[in-house]
Amino acid sequence: MRGRFFWLLVVWTGLTVAGQSAAWGYRNSDPSRKNKVAFELYRDYLIVVRGSADTVKGLNFLLDTGASPTVLDPRVARKLHLEVTATDIAILNGNVQGGRSTVPSLELGSLRRDNLPVLIEDLSFLQQALPAQIDGIVGLDVLGQSAFVVDYASREIRFGPTPSMPFSIPLQIRDGLAIVKATVNHATVHLLLDTGAPSLIVFEETPGPQVYSNGSPRATSKTIGASERKQVRLNSFTLGDKDFGHQPAFVIPNYRDAGHDFDGLMSPAALGITRVAIDLSRGTLAFALEQ
């Protein structure tokens, strides 16, 4: 089931960025302590960090809170001589052939997971959007071991106790993914917290009257998981006590067989959030905005 969630989100990321202009990356080059991990930020929302999988060091991992389980590219699996079991992985409108395996260890700064179950799938589609070769996508099955803060301004992730921030809301864990409650056009919805999403995304047939405003359909590129989408402007969007007002968003078909249990995706970067703190053990999401 978790594989279904993973591909629903990662495929959308690949489709959305593929047709855009050249990517630019930024990195804080001086992470002074191990509980801080510097990252490169592409297209103002995609987070790429360096890490290792068992004996293979210096890998580029895309961090995505909307992914579970973690995935490795077949290149890395071959280097590690992993035993891979073939499996079908659900995507937006069908299935692709992939694999499952267990990596002896995976490390990001002070975080380490041993004997980590992973999906094995070709990530070369991300090369259409990013100048860096992506070796894997790390999700909440790894990141959620500790509370952590994503600081978009300083380009670093900090693991450990989180500081107080101006806004805080509850989050729920469903099938290993973080879900938050929001209000869209005065209707209550449940959105997946997804740092890998380029914008707010709402599924069609989301509960509540007039959840999104009208927009013109736009077809995605014809690639894995391609799907029609509409770009719209929401009349209102609220998280807890914070009213974000009018917000751009995409509407995509609601593929019920994808197995998701939420109404869309919430991208912190797209909302102008500069710091976001996630604590799964306490069930809280805290955030700060641009000043």
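Me: Let's start with glycine 272. Why is glycine 272 called buried?
Reply: Buried means under 20% relative accessible area, exposed over 50%, and partly exposed in between, with a 1.4 Å probe and protein chains only. Glycine 272 has a relative accessible area of 18%, so it counts as buried. Before we go on, please note that this is a predicted model, where local features need pLDDT of at least 70, side-chain atom pairs count only at pLDDT 80 or more, and totals for chains, interfaces and linings use all residues. Residues are numbered from 1 along each chain as its sequence is written, and side-chain values use heavy atoms, with hydrogens and water left out.

Me: Where is glycine 272 found, and what is it in contact with?
Reply: Glycine 272 sits in the loop between strand E21 (264-266) and strand E22 (273-279). Helices (H or I, at least four residues) and strands (E, at least two) are DSSP runs, numbered from the N terminus. Contact means heavy atoms within 4.5 Å. Leaving aside neighbours within four places in sequence, glycine 272 is in contact with Leu289 and Glu290. Its C-alpha is also 9.5 Å from that of phenylalanine 244, 28 residues apart in sequence.

Me: What makes E22 largely enclosed?
Reply: In E22, 5 of the 7 residues are buried, so the strand is largely enclosed by the rest of the structure.

Me: How do you know that E22 pairs with E23?
Reply: Two strands pair if DSSP finds at least two bridges between them. E22 and strand E23 (residues 284-289) have 6 bridges, in the antiparallel sense. Alanine 277 stands opposite alanine 286 in E23. The two strands form a hairpin with 4 residues between them, and glycine 283 in the turn has a positive phi of about 65 degrees.

Me: Which strands does E10 pair with?
Reply: E10 is joined to E22 by 4 bridges, running antiparallel, and 4 bridges also join E10 to strand E11 (residues 156-159), again antiparallel. On the E22 side, valine 149 has alanine 277 as its bridge partner, and aspartate 151 has arginine 275. On the E11 side, the bridge partner of aspartate 151 is glutamate 156. E10 and E11 form a hairpin with 4 residues between them, and arginine 155 in the turn has a positive phi of about 60 degrees.

Me: Which way do the residues of E10 point?
Reply: From strand E10 (residues 148-151), Phe148 and Val150 point one way and Val149 and Asp151 the other way, and all are buried.

Me: Is arginine 43 buried or exposed, and what about histidine 81?
Reply: Arginine 43 has 15% relative accessibility, so it counts as buried. Histidine 81 has 69%, so it counts as exposed. Arginine 43 is in the loop between strand E2 (40-42) and strand E3 (46-53), and histidine 81 lies in the loop between helix H2 (74-79) and strand E6 (85-91).

Me: What is the phi of arginine 43 and of histidine 81?
Reply: Arginine 43 has a positive phi, near 55 degrees, and the phi of histidine 81 is positive too, near 55 degrees. Most residues other than glycine have a negative phi, and most peptide bonds are trans.

Me: Which residues does the cis peptide bond join?
Reply: The cis bond joins serine 68 and proline 69, with omega about 5 degrees. Proline 69 is in the loop between strand E4 (56-63) and strand E5 (71-72).
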